[in-house]
Amino acid sequence: MIAQVIVDVPVNRTNRPFDYRVPDWLTPIINVGSRVIVPFGPRKLQGYVVGILTQSAEALESTRIKDVEQVLDDTPPLTAELLKMSEWMSKQYLCPWVTAVQAMIPAVLKGKSEKWLTATDALDEETCGNSGLLWELNRKRHLPLAEVEKQFPDEYMLVPGWIHSGLLATEYQVTDRITRKQQSFVKCLLEKEQLAEAIVSLPARAEQMRRVLLLFAEHEGQTFSVQMMRDEHGISRSPLKSLEAKGWIAIEQVEVYRDPYANRRFAEKPKPQFTPLQQEVLAPILQSVQSQSYASYLLHGVTGSGKTEVYLEAIEQTLEKGREAIFLVPEISLTPQMVERFKGRFGADVAVLHSALSSGERFDEWRKIIRKQVKVVVGARSAIFAPFQNVGLIVIDEEHESSYKQEETPRYHAREVAIWRAKENDAVLLMGSATPALETYALATRGRYTLLQMPDRVGNRPMPEVHVVDMREELQAQNRSMFSRKLHEMIEDRLRKGEQMVIFLNRRGFSTFVMCRSCGYTMRCIHCDISLTYHKTNHTARCHYCGYTIAQPAHCPECQSEHIRFFGTGTQKVEAELAKLFPGIRVIRMDVDTTSRKGSHEELLNKFRAGQGDVLLGTQMIAKGLDFPRVTLAGIIAADTSLHLPDFRAAEKTFQLLTQVGGRAGRHELEGDVVIQTYTPEHYSIIHATRHDYPAFYQDEMLQRRRTGYPPYFRLVLITFSHEDVPVVIRGAHTMADYLRPRMAQTTILLGPVASPIARVKDRFRFQVMLKYRDEPHLAELLAQATAAFEEWNKQQKVLMTIDVDPYVLL
DNA sequence: CGCCTAAAATAG
DNA sequence: TATTTTAGGCGC
């Protein structure tokens, strides 16, 4: 038997299966998808079985073939589907196959190959001499080399000599970080009558022992954890020991899952009556769930329209069909409230995966899935890889969120993977958003996804009234404060009424752009239609995409004002200003400084919910998913900061943020107001956000995208090169560009090579090439060939190249 | 000629 | 990626 194994060496040269002989004793447990240890060159490495050959094995065995050394798990961590998906990802995203595999399984399963020192038979007490290291090795027989270097730095240099003289040898060991939590459980060994007799026979003063036995008498056949006996019944360890000694009970170690929600009870929430709108959108979704064939939906519903209830119903019906469901949420909105909602509805059938879990907890949640002990997974991006065998539904909430794009290799987008997975399983894909990504909405209007609309809020609550304040007028009226008169007035009003507020600082724009404070003019690139970024060092304004640069003007080109300069502001500054203007105001500030500690995020929100603050002040993180009944005002200090980012999605992101923030106010009985402060009130993203008009925004933004040649009209590939020498990295970028140019379609545009916006990172200079294409059916193959050609050239250099398909961050 | 460092080759 | 092999540079 021959196993084809991909090994944990994530480079292109080794990105293919290697053949290994499977020794007879491993043939019963090895499988496609198994995690194995194999010798590779002089080392031992972890690898994954991607194929097994039983016939024509002899031919292959003639070559120099090595044996599989070990199979690491009883059941393979990779299902056939995941393996197939990883192969697709490696082609689609041009990453090593093994990298795609490792993205799918918990980090603790990634084994590390280590070099160890072992004592040979020649080493005994006599040969140890006065060496501390040799004595230690004589006792333990082997030690990790890294440990030796740390503990015996003086003797480390002597090691090669001892190896040469045959006292010591080196070997490799692959170790993973799997740990399993054990808990002690108590079981009664007595029959009913025996138990009664035993209770009577106990001496009067054996009070605790009696209580234990009575507990077993009361709950016949049940087992109790030692911890629970102690916490709830006040029974200490020693009476249990005594009972065990009598042979009446047994204390056993049982493996348990690490569950951060173990001690929480989740209230079962009754299913609500669906609104007519909800029923309307549910009908086709549920029909697809029933038919068990591929279907994809975009649920476009305003904030507060009750999308979550639609998701929950679709999931419930999927489970009733005997299939499994994956529910993806952006990391930020995977709050305890959300978890509560799912646990309340689906109880123990839910596994939760998010970044706040420890690696052990994450592993345990994952094991619940692969052991088929749960039917629903709620999680962030990587939950799309849940090892289910019969996925019937994939829901992507807040579909437009950029956190679905992974920014390291493999640079996948969870939405793309979800589409693949839904097709593969004849499953239903349901994406929901109040502000869909342009790419998604465009495909929905062209029929690739079925578009479902929920334009009204539940209970016909009105959308909040949006007030746009032109900050240029404030300046003219001698108001130099960061709060407009309107916002100032409304804050005072809410303070008087004892209602709560959310004040939002659009900190994305902290990277500085150049703007005229008098007329709102911002400097933009003449080629790319994006804002220029201010460069302090040489006082220039510069385009991040194409490299266009001009000197920072002293006067505004539009209105000649001198008030043209770079722009930015911080949460602490806002907090100080609030305290100054409204003495006694209670501000809960949420930013990197106040939320870095684990659990502090939640703590602050609870504080706000409990009414211990008048204002919740923060950046994006407060704009999503939060639902506070007493919030009646949402204020945005400077809407422009995200509008003028050097990013073709700047307008889209601004529209999304304004809509999300607006959605925070007036979700319940109290009606809400939204105040948007801006220097460019005439910008379409602000006008349409004010009117809650997504379709109008979509129309305007699509015109821009068509004009500038960005998605959805063109798709992008960003190729980034880095090297410590500028001339070398430039040559590398040109080598790649020169290979690609003659082989691309006529309609494909290759931009660059130009210096990357962040031109130097960790003392390496960065250049980039951007491909804009409309129709390149074989692009992945072309890029793979180009990569091979590049690597041929790169043999003498050490230029690093990364390829980002459909990039989000263009830095 | 031997020793050291750096680049190149290789991994089943 | 980590390791071994090979090549070449340099002092004596």
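Chain A has 28 helices and 34 strands. Helices (H or I, at least four residues) and strands (E, at least two) are DSSP runs, numbered from the N terminus. This is a predicted model, in which local features need pLDDT of at least 70 and side-chain atom pairs count only at pLDDT 80 or more, while totals for chains, interfaces and linings use all residues. Residues are numbered from 1 along each chain as its sequence is written, chains are lettered from A and ligands numbered from 1 in the order in which they are written, and side-chain values use heavy atoms, with hydrogens and water left out.

The C-alpha atoms of chain A fill a box of roughly 90 × 75 × 60 Å along the principal axes. Of its 811 residues, 54% count as buried. Buried means under 20% relative accessible area, exposed means over 50%, and partly exposed lies in between (1.4 Å probe, protein chains only). Contact means heavy atoms within 4.5 Å. Among the contacts in chain A with a separation of 6 or more, 74% join residues 24 or more positions apart.

Now to the interior. A nonpolar core is a set of buried Ala, Val, Leu, Ile, Met, Phe, Trp, Tyr and Cys residues joined through side-chain atoms within 4.5 Å. The largest one has 100 residues, and I394, I719, F721, M736 and L740 touch the most other members. Helix 27 (residues 726-740) supplies the largest share of this core, 7 residues. A second, separate core of 34 residues includes Y261, F266, L312 and V395. What does I394 touch? Leaving aside residues up to four places away in sequence, I394 touches I326, I384, A418, R421, A422, V428, L429 and L430.

With 7 of its 8 residues buried, helix 17 is largely enclosed by the rest of the structure.

The axes of helix 17 (residues 438-445) and helix 26 (residues 694-708) come within 11 Å and cross at roughly 105 degrees. Axes here are lines fitted to C-alpha atoms, for helices over the stretch in contact, and angles run from 0 to 180 degrees between N-to-C directions. The two helices are therefore roughly perpendicular to each other. Angles under 35 degrees count as roughly parallel, over 145 as roughly antiparallel, 65 to 115 as roughly perpendicular and the rest as oblique. Helix 17 makes the contact with L438, Y441, A442 and T445, and helix 26 with Y694, P695, F697, Y698, E701, M702 and R705. By class, this contact has 8 nonpolar, 1 polar and 2 charged residues. Ala, Val, Leu, Ile, Met, Phe, Trp, Tyr, Cys and Pro count as nonpolar, Asp, Glu, Lys and Arg as charged, and the others, Gly among them, as polar.

Helix 22 (residues 600-609) shows another pattern of burial. Its buried residues are S600, L604, L605 and F608. They cover an arc of only 140 degrees around the axis, which puts them on the same side of helix 22. The arc is that of the directions from the helix axis to the C-beta atoms. An α-helix has 3.6 residues a turn, so residues three or four places apart point the same way. G611 follows helix 22 and has a positive phi, near 85 degrees.

D493 lies in helix 19 (residues 485-497). At 18% relative accessibility, D493 counts as buried. D493 and L633 are 140 residues apart along the chain, and their C-alpha atoms are separated by 10.0 Å.

The backbone comes last. Most residues other than glycine have a negative phi, and most peptide bonds are trans. A cis peptide bond joins T409 and P410, with omega about -5 degrees. P410 sits in the loop between strand 17 (391-396) and helix 16. Another cis peptide bond joins P711 and P712, with omega about 5 degrees. P712 sits in the loop between helix 26 and strand 31 (715-723).

R141 is not a glycine, yet its phi is positive, near 70 degrees. R141 is in the loop between helix 5 (132-140) and strand 8 (142-144), and at 29% relative accessibility it counts as partly exposed. H692, also not a glycine, has a positive phi of about 55 degrees. H692 is in the loop between helix 25 (684-690) and helix 26, and at 30% relative accessibility it counts as partly exposed.
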